[in-house]
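Okay, thanks everyone. Let me put the model up and walk you through its contacts.

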Amino acid sequence: MRKTALDCVHELARQDERVVFVGSDLGPGVLAKMREEFPDRWFMEGVSEQHIVGMAAGLAMEGFIPYVNTIATFLTRRCYEQVAVDLCLHDLPVRLIANGGGGVYAPLGPTHLAIEDIAIMRALPNMTVVAPCDADEMRRLMHATLDWPHPIYIRLAKGGDPVVSESRDVFRLGMSIRLREGRDGLFITTGVMTQTALTAAALLQSDRIEVGVRHVHTIKPLDVERIIEDVATVPAVVTVEEGIVNGGLGSAVLDACSTHATHLLHRISRLGVPDAFPTQYGSQQTMLSHWGLTAEKLAERMRLARRKA
Amino acid sequence: MTALDERSRYLRRLIVDALRGGGRGHLGSSMSIVEVLRVLYDTTLLYRPSEPNWEDRDRFVLSKGHGCLALYAVLADKGFFPLEELLGFCRHDSRLGGHPERGKVPGIEASTGALGHGLPIAVGLALAMRMRRRTSRVFVMTGDGEINEGSNWEAAMSASKHKLSNLTLLVDYNKLQSYGPTREVLDLEPLADKWKTFGFAVAEVDGHDIHSLEEVLGGLPLDANRPTAIVCHTVKGKGFPFAEGNPDWHHKSGLTEADLAKMYDCLT
């Protein structure tokens, strides 16, 4: 997914001379071909996230569209004020490409695990927050970023994830996608958890429970209308995200229902990372198991939610 | 001690008008930069008040946004917006807040107020000018306490790496930050050497001496391959003996008629 996102920056740079790449001391050879082709629009700055976000703002003020890339925790925590003031207050079209959303960097420990990134980015006015579910969708997303007039936070997952999105699904920022039908329950998901939810739905189908999946690639602005329409048709809804539950996708869905459909609130339960810094290492997969974010656990949670409904 | 001429006193009267309107403001931090801004806008910068977004203008970012009263006074004097608006400073529906905002006030390039943001933005602007092959120059003014923030030094290294000779940093070195003297809170010395070490061509100037300012700003860039830093030695609260060098006047609220009368008296 990361390679696709960066390759897309190069493609977009070919299409549009406003596109600029800014990295913060990334690995050797990143976007080497773009560097060769467009040396004036390729920047590898130092380990200085506060500066690169401000610099990207300056470039955007003059009509450029900077794509800024580094590890998610550094692109959110370290420079939060720059993101809030330089990008969001000015409402500039800067794109933050954040490597390693959720548990991707599990072996590296809590400094590298972006668990609250969606929550804190979502809190900022004018910010758009997206988490695609696979590399194909990433490609469609990247091409949709060119003319979006606001800052965008793009959360990357691990590379090599299976492709579950379909090319016939039109990708529009702010519009969610129904990936599976089912009247007995609904998973509302984002990022690669959509893949896990689809597997969970297949498990439930073997028990003759038909559960739908709505993939919310854009957490902000939220596709309120379609989400509420869906929630209204099923007895139980489980939101699933590879991020802290407080303030993330699940909270966004609850927020929307508390404003527009209070009577549906009781149908919704949230699954995600608990409100605690991780203390284990291992791999993304072991962290997901630890957090209860596996297909089996999702299915179990859905059964429980249906019993309570 | 540099004496203030009538134009400098006039610009300060505009600032006091705004302070009267708002009942509050960063007096000390504004009064230290009046002459630097005056020379920038009288002789150095290219701009069109009736066309504030004119493509070929020079860009000026006031990174020390809390000094905006001085910038508002100069911009109003130049016709970017009506002088009467100064009286609405900080009022609910005014465009002129306690920190300047891009898109709201004509002539303001960046919304500042959070410190340490202006220089990184200015690096981006200067790079953009070069990429667009424009001759526009970029100027940014920071406070002295402001450069406690590490982001300035990240940006300084980047400006130097990119050899941004179209970028000029002006440091308002009044040697007094919010709590007290910079040498006690967090000593910046040797300040000029710091900028040199970070790859800037450096000049030092009396930030209230019009002639010296005109001379140094007229000779930019100081080096064709490096960004410029000008350390402006200034006096916080300049023009008001009771406020000069007094941290109590960094920011004042609840200004009384007597306070204001005392200020106007200093400017006659």
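Let's start with V9(A): leaving out anything up to four places away in sequence, V9(A) touches V19(A), F21(A), L31(A), M34(A) and Y67(A), where contact means C-beta atoms, placed from the backbone, within 7 Å.

Quick housekeeping: this is a predicted model, with local features needing pLDDT of at least 70 and side-chain atom pairs counting only at pLDDT 80 or more, while totals for chains, interfaces and linings use all residues. Residues are numbered from 1 along each chain as its sequence is written, and chains are lettered from A and ligands numbered from 1 in the order written.

V9(A) is also among the residues with the most contacts inside the largest nonpolar core, which has 181 residues; others include F187(A) and Y72(B). A core here is a set of buried Ala, Val, Leu, Ile, Met, Phe, Trp, Tyr and Cys residues joined through C-beta atoms within 7 Å, buried being 20 or more other C-beta atoms within 10 Å of a residue's own.

Now the domains. Chain A is assigned domain 1 (2-155) and domain 2 (177-308), with bounds from an automatic or database assignment. Their C-alpha centres are 26 Å apart, and the contact takes 26 residues from domain 1 and 30 residues from domain 2.

Last, the chains: 21 residues of chain A contact 19 residues of chain B. On the chain A side, helix 3 (49-61) and helix 5 (80-89) each give two or more residues, helices being DSSP runs of H or I, at least four residues, numbered from the N terminus. Helix 3 of chain A has the largest share, nine residues.

Conventions:
Contact = placed C-beta atoms within 7 Å. Buried ≥ 20, exposed ≤ 12 C-beta atoms within 10 Å, placed from the backbone.
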